[in-house]
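I went through rings, sheets and helices in turn.

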Amino acid sequence: MKDITIAAIYLAAGQSRRMGADKRALPWGDGTLGAAGLKAALRSCLAPVIVVIPPSDTLAWLPDALLGHDKCRLVRVAYEPLPAVGSPREALKEGAPLLHEHLDRYEKNKTTYPEPGTNVAHRTKIRKGNIEQGFAESDVIVETSVSFAPSDHAAMETRCATAEIWPDGTIHISASSQSPFMIKKLLHTYFGEETGNIIVHTPLVGGAYGGKAPVQLELLAYLASKAVGGRKVSVWNNRECDMVTSPFISGWRQPSKSARRKTAS
């Protein structure tokens, strides 16, 4: 197997808005916080170490010894923060930034109905009876809105996956998953891998109660292994990442309008 070169990207172009001061220039040990982090990166086996800084950076936080290091590369970037949406209500407003600009181009099944040009990925319509008549004949109409934040089952073992591609082309996945056959199916659907060449191991540890049915980290581990010539790659969530980036239950907001007739006493 040929040698693999892995570079590091040291992100130092933020504006430190929450801190209120340049974090890179804060004192740390015998230097600055930014220099201490860069030293750690330069001591590693990663090369080169690409330091991303803003166009106007004077580099006062960076000592000359690190600036002249043979592994250090500076890249000045100018960027404009893109508009974002932080809730379903914002996403559904007219003119909201589109999360998926090419929604109409995605492959979908026969029962999914996306609405191109909006943030609506699918709309389900349920009709029964005459809605307008029902409201007109009701004595009490209640309108409200209920919302829930994303949540997770918090299994004993957090989500994790390991992938390795052997010289004969077989793909070995080891994952704390409840869906070994779905892993094989998705690797075939997304990447064209033959299901017969995919071996999925699911150690019986950690518990899940349904929370580990979705497939996520397994695909990332496969892509990472493929990128480094088939070497074994593990992707592990700590507890915070498990809750924030891999929640089982998506948050939702439900506006509701219901009507009732008064019963005779």
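I took a charge to sit over a ring if NZ of Lys or CZ of Arg is within 6 Å of the ring centre and within 35 degrees of the ring normal. On that rule I found Lys257 over the face of Phe135, 4.3 Å from the ring centre.

Ground rules. The model is predicted, so I kept to its limits: local features need pLDDT of at least 70, side-chain atom pairs count only at pLDDT 80 or more, and totals for chains, interfaces and linings use all residues. Residues are numbered from 1 along each chain as its sequence is written, and side-chain values use heavy atoms, with hydrogens and water left out.

Entry 1, aromatic pairs. I looked up how many there are, and the structure holds three. Rings of Phe, Tyr and Trp (its six-membered ring) pair if their centres lie within 6.5 Å; planes under 30 degrees apart are stacked, over 60 edge-to-face, and the rest tilted. Phe148 and Trp252 have ring centres 5.1 Å apart and planes at 40 degrees, so I noted this pair as tilted. Phe148 is in strand S6 (residues 140-148) and Trp252 in strand S11 (residues 252-260), 104 residues apart. Helices (H or I, at least four residues) and strands (E, at least two) are DSSP runs, numbered from the N terminus. For burial I used relative accessible area: buried is under 20%, exposed over 50%, partly exposed in between (1.4 Å probe, protein chains only). Phe148 is partly exposed at 49%, and Trp252 is partly exposed at 38%.

The rings of Phe191 and Tyr222 have centres 5.0 Å apart and planes at 40 degrees, so this pair is tilted. Phe191 lies in helix H5 and Tyr222 in helix H6, so the pair ties together parts 31 residues apart in sequence. Phe191 is partly exposed at 30%, whereas Tyr222 is buried at 0%. I also noted that ring pairs link Tyr190, Phe191 and Tyr222 into a cluster.

Two strands pair if DSSP finds at least two bridges between them. I read the order of this open sheet as S9-S8-S7-S10, with mixed pairing. Strand S9 (198-201) and strand S10 (233-236) are at the edges with a single partner strand each, so one side of each has no neighbour in the sheet. Neighbouring strands are turned by 15 degrees against each other on average, direction ignored. Strand S7 (residues 160-165) pairs with S10 in the antiparallel sense over four bridges. Ala161 has Val235 in S10 as its bridge partner.

Axes are lines fitted to C-alpha atoms, for helices over the stretch in contact, and angles run from 0 to 180 degrees between N-to-C directions. Helix H6 (residues 217-227) lies across S7, S8 and S10, at about 35 degrees to S7.

Entry 3, three-stranded sheet. I found an open sheet in the order S1-S4-S5 with parallel pairing. S1 and S5 are the edge strands, each pairing on one side only. The twist averages 25 degrees from one strand to the next. Five bridges join S4 to S5, and Ile53 stands opposite Arg76 in S5.

Notes
Contact means heavy atoms within 4.5 Å.
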